[in-house]
Amino acid sequence: MTSNLLNHQIDDILDSVLEDATGDVYMVNPSGDAIEEFVSVATAFDGDRPSVHMLADERTLKDVMDDFIVASNAADLISEDALALRTLEEAPENSLLVTEDRVIAIVHAGDRVGGLVTDDESFVDDTYDTYAARWEAASQFNLRTPPITAVRETLSEEISADAEEDFTSILNSLETARGDGDGLDEVTISLLVAAKNEALLYDISKWGEDVGIASKATFSRTKTKLEDMGLIDTEKVPIDVGRPRLRLKIGDDRLQEADNGQLATVAQSILN
């Protein structure tokens, strides 16, 4: 064993693996923080990514993927064949990164991270084969969040380029998008963007359902909540046939005055 990655941060270790690996990589039993870091590092990585097979605890995956920012970027990686997710029945004691050339055990000690590395050919081959077999037997993790690239492209096409720019700016201003008090969720963000751009509720909810963010019913319920709290307002727009449709508008002066970088903060303060 050598410890040439000792004292690095987890993102440094992950970046070195993406840089050096030539074949498939098995990421075994990662912590929630490591999953988030991997998605961030792999999304920003500008080289040819290896295909990472992540074997993780199902509960940990679900908790991490409740954050739309992480999940939508992970979905992008999956669509590019840079990531696949399956669940562990029995987790090993350590978190491991297994490539064709080396095995790295990730060890946490306070705020320090150690990557304990072996490149012993026989050990690496046996470990790689072991996790390749466990991968084949593992259950797939069904990530239902749409890829962020598809979200942005379709929002620009179906609502407006300005709406897509606003959506991206709000996401970039947030650390998390869970809707649990630590951040706004993706439906609320979509409705705030639609209100800022005075889009129709029908259009934004149809877009959201089609792209896979949430159902029209969820958009309608969230719209009612935001309207009751005064964040957004609506006005009826007559159409030739059928009931009038609702145009969304910003309903709170504090939101009217906020730019995109402040919109999420102001909305969250009002919601909480």
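Modeller: Two strands are said to pair if DSSP finds at least two bridges between them, and the strands themselves are DSSP runs of E with at least two residues, just as helices are runs of H or I with at least four residues, all numbered from the N terminus. The model is a predicted one, in which local features need a pLDDT of at least 70 and side-chain atom pairs count only at pLDDT 80 or more, while totals for chains, interfaces and linings use all residues. Residues are numbered from 1 along each chain as its sequence is written, and side-chain values use heavy atoms, with hydrogens and water left out.

Colleague: What makes β1 and β2 a pair?

Modeller: Four bridges join β1 to β2, in the parallel sense, and the definition asks for at least two, so the two strands pair.

Colleague: Which strand does β1 meet in the antiparallel sense, and over how many bridges?

Modeller: That strand is β4, residues 95–98, joined to β1 by three bridges, and here Met 27 has Leu 97 as its bridge partner. In general, the strands of a sheet pair through backbone hydrogen bonds, either parallel or antiparallel.

Colleague: Why are β6 and β7 called edge strands?

Modeller: The open sheet has seven strands in the order β6-β5-β4-β1-β2-β3-β7, with mixed pairing, and β6 (112–118) and β7 (139–140) each pair on one side only. For β7, the antiparallel neighbour is β3 (residues 83–87), joined to β7 by two bridges, and the definition asks for at least two, so this counts as a pair. Across from Gln 140 in β7 stands Arg 86.

Colleague: What makes the β1, α2 and β2 unit right-handed?

Modeller: A crossover is given that name if, with the strands pointing away from the viewer, the path from the first strand over the helix to the second runs clockwise, and β1, α2 and β2 form a right-handed β-α-β unit. Helix α2 (residues 32–44) lies across β1 (25–28), β2 (52–56) and β3, at about 160° to β2; for such angles, axes are lines fitted to C-alpha atoms, for helices over the stretch in contact, and the angle runs from 0 to 180 degrees between N-to-C directions.

Colleague: How do you know what span to expect for α2, and what span does the model give?

Modeller: The expected span is 1.5 Å times one less than the number of residues. With its 13 residues, α2 reaches 19 Å from its first C-alpha to its last, close to the expected 18 Å.

Colleague: Why is Leu 97 called buried, and where does this residue lie?

Modeller: Leu 97 lies in strand β4. Buried means under 20% relative accessible area, exposed over 50% and partly exposed in between, with a 1.4 Å probe and protein chains only; Leu 97 has 4%, and therefore counts as buried. Contact means heavy atoms within 4.5 Å, and by that rule Leu 97 touches residues including Ile 13, Val 17, Tyr 26 and Ile 106. Leu 97 and Val 28 are 69 residues apart along the chain, yet their C-alpha atoms are separated by 6.3 Å.

Colleague: Asn 29 and Asp 81 sit in loops; is Asn 29 buried or exposed, and is Asp 81 buried or exposed?

Modeller: Asn 29, in the loop between β1 and α2, has a relative accessible area of 17% and is therefore buried. Asp 81, in the loop between α4 and β3, has 61% and is therefore exposed. Neither residue is glycine, and each has a positive phi, near 55° for Asn 29 and near 60° for Asp 81.

Colleague: What makes a group of residues a nonpolar core, and how many residues has the largest one here?

Modeller: A nonpolar core is a set of buried Ala, Val, Leu, Ile, Met, Phe, Trp, Tyr and Cys residues joined through side-chain atoms within 4.5 Å. The largest here has 40 residues, and those with the most contacts inside the core include Phe 167 and Ile 189. The largest share, seven residues, comes from α8. A second, separate core of 36 residues includes Ile 35, Val 52, Val 64 and Ala 82. In soluble globular proteins, nonpolar side chains tend to be buried together.

Technical notes. Lists of a residue's contacts leave out its neighbours within four places in sequence.
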